Amino acid sequence: MPAVVAGGLVVGLATSNRLRASDHQDTPEVELSPRYDVNDVYAFPASMPGRTVLVLGTSSPITPAKTASFTFGTKDQELYQLKVDNNGDGKEDLVFQFTFTGTAGHQRVTMHGPMKPSEIGTANTLLHGKSTIAGPTNAVLGSADGIQLFAGPRDDPFFIDLEAFFRVLPDRKPSTGPLSQITQGPLSFRPAGQAVDFVRGFNDMAIVVELPTSMLVSDPAHPSKFGVWGTTSRARGN
Amino acid sequence: MTWKTDVRALVAALALAVGIVGCGDTTSPRSPTPSASASLDRGNSQADQNDDDQGDDDLIYDQTDFLGNPLVSEVTISKANHALYNKTQPYNTATFLPQTAAFVTGVAGRPAALAQTLGSVLYPDMLVVDPSKSPSTAGWLSWALANGWGGRKLTDDVVDTGLIAIFSSLLSPTGASCAPGQLPLCTDNVGANDVAFSSTFPYLAAPHM
């Protein structure tokens with residue numbers, strides 16, 4: 001049986017471009033424009049009861065330490081969003097919109113939401129009205145109703161032996177950078193002690209929001225499931 | 001529909017095994033790293049009364065990238081379709097769930113029943129949270145696997161969880177490559193982040209400078 005399994009994998013991998021385990025640099029478009037790369041999304045309980053943390057990790061290419069100018073895409077070009085479905089249809093009922101102004105080291109973040117979006121889907125416009133929170137990046141910001149926001153460089157929280165992944169599936173490697181040099185290896189990850197966390201020592205640009213969970217559900221008196229996803233969007237024409 | 005899918009027998013087994021191999025950890029505390037937040041500037045916390053960049057308010061923004069569950073597109077969707085997937089939405093199940101299932105049956109060589117189970121948990125593609133459950137049960141897919149809070153924690157070893165679900169003998173012996181948590185394909189042997197996460201906001205560790 002193992003031989004059959006291995007044979008099936010070889011055939012499958014040779015005839016398809018499938019299998020990758022991280023959302024870093026997964027298409028040429030985001031590889032060339034790393035600010036538009038959504039690396040990871042998280043949703044977990046906050047340290048205080050009744051509160052939830054949402055994280056949108058972005059702006060690879062898996063930024064090496066000591067990179068001179070960490071920056072978010074600015075509002076004239078880019079929109080960052082966290083979207084929430086709280087009635088089970090997979091469509092956004094609430095959105096958080098994050099926009100940035102200024103240059104590296106001097107950027108400001110503005111957050112609108114959680115609010116009902118103006119549009120459902122992949123073409124979006126900005127929410128109007130007073131922002132929820134605004135202030136400098138790389139700082140803990142807060143609102144009067146108990147929302148906290150941080151936007152800035154952080155350690156990339158993901159961990160994976162990405163080199164081993166690309167040795168197993170070199171056809172999934174990026175087209176530039178050191179990982180592009182990886183060639184086919186055995187169909188196996190590395191033993192403990194030899195495996196390496198490829199993103200150790202790397203940073204990403206993180207947007208972290210903590211808020212009362214009641215703000216995310218459709219009926220705070222009877223909280224039910226909600227779903228979360230993150231997006232980046234490019235300003236049309238810019 | 002996904003939220004109502006009755007896959008409890010299979011996914012409970014997966015949850016158990018993930019716990020055994022330590023990659024569905026829902027209990028280990030994050031090591032406090034006070035410097036992570038203590039070193040941050042305290043910025044202005046007031047709302048922006050003037051919405052200081054109104055000049056861009058009429059722009060239309062087209063989605064460039066999208067991520068719900070980790071690994072779904074990266075592992076199970078053909079590279080040729082990634083650009084399309086990045087521009088989709090979680091509710092595009094009809095297009096992409098069959099591709100995920102085809103990966104599980106075709107590339108990984110696993111049974112159709114397993115493919116259906118995994119597809120029904122992963123679509124619509126978003127991180128599902130059940131806030132009626134105890135926060136102590138939080139972890140990727142625990143809402144489906146273990147009647148838990150769900151979401152995705154910083155400490156979740158989602159790579160191993162995904163590899164075990166797809167390639168291991170746990171849910172089905174047919175076509176399995178390995179036992180859960182074992183080589184060649186059911187672990188990457190990287191079980192934790194390189195630095196500790198913080199127990200306080202913003203939780204992610206300070207950047208490497």
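This is a predicted model: local features need pLDDT of at least 70, side-chain atom pairs count only at pLDDT 80 or more; totals for chains, interfaces and linings use all residues.
Hi everyone, let's begin with chain A. Its secondary structure comes to three helices and 11 strands. If you read along the sequence, the pattern is α-α-β-β-β-β-β-β-β-β-β-α-β-β. Chain A has 238 residues, and 53% of them count as buried. Now take the contacts in chain A between residues at least 6 apart in sequence: 61% of these join residues at least 24 apart.

Next, the domains. Chain A is divided into domain 1, which is 1-22 + 160-198, and domain 2, which is 33-159 + 199-234. Where these two touch, five residues come from domain 1 of chain A and five from domain 2 of chain A. The domain 1 side of that contact has two nonpolar, two polar and one charged residues.

Let's look at some strands of chain A. Strand β8, residues 139-142, is joined to β9(A) by two bridges, and the two run antiparallel. In this pair, A:L141 stands opposite A:L149. The two strands form a hairpin with five residues between them, and A:G146 in the turn has a positive phi of about 90 degrees.

Now over to the meeting of the chains. The contact takes 88 residues from chain B and 103 residues from chain A. On the chain B side, there are 45 nonpolar, 25 polar and 18 charged residues. Which element gives the largest share of that side? That is β2(B), with seven residues. Other elements supply at least two residues each, including α5 (93-107) and α8 (158-167) of chain B.

Strand β11 of chain A, residues 226-235, is joined to β2(B) by six bridges, and they run antiparallel. You can find A:T232 opposite B:D65 there.

While we are in chain B, please look at α5(B). This helix has 15 residues and reaches 20 Å from its first C-alpha to its last, close to the 21 Å expected at 1.5 Å a residue. Its buried residues are B:T93, B:F96, B:L97, B:T100, B:A101, B:F103, B:V104 and B:V107. As a reminder, an α-helix has 3.6 residues a turn, so residues three or four places apart point the same way. After the helix comes B:G109, with a positive phi near 70 degrees.

A:F44 is in strand β1 of chain A, residues 38-45. Why does A:F44 count as buried? Because A:F44 has 25 C-beta neighbours inside 10 Å, and 20 or more is the cut-off. Beyond four places in sequence, A:F44 touches A:V53 along with B:A138, B:G151, B:R152, B:K153 and B:L154.

The other stop is A:V228. Leaving aside neighbours within four places in sequence, A:V228 is in contact with residues of both chains, among them A:V41, A:L82, B:M126 and B:V129. A:V228 also belongs to the largest nonpolar core, which has 109 residues; A:V228, A:V41 and A:L149 are among the members that touch the most others.

How values were computed: Residues are numbered from 1 along each chain as its sequence is written. Chains are lettered from A and ligands numbered from 1 in the order in which they are written. Helices (H or I, at least four residues) and strands (E, at least two) are DSSP runs, numbered from the N terminus. A residue is buried if 20 or more other C-beta atoms lie within 10 Å of its own, exposed if 12 or fewer, and partly exposed in between; C-beta atoms are placed from the backbone. Two residues are in contact if their C-beta atoms, placed from the backbone, lie within 7 Å. Domain bounds come from an automatic or database domain assignment. Ala, Val, Leu, Ile, Met, Phe, Trp, Tyr, Cys and Pro count as nonpolar, Asp, Glu, Lys and Arg as charged, and the others, Gly among them, as polar. Two strands pair if DSSP finds at least two bridges between them. The expected span of a helix is 1.5 Å times one less than its number of residues. A nonpolar core is a set of buried Ala, Val, Leu, Ile, Met, Phe, Trp, Tyr and Cys residues joined through C-beta atoms within 7 Å.
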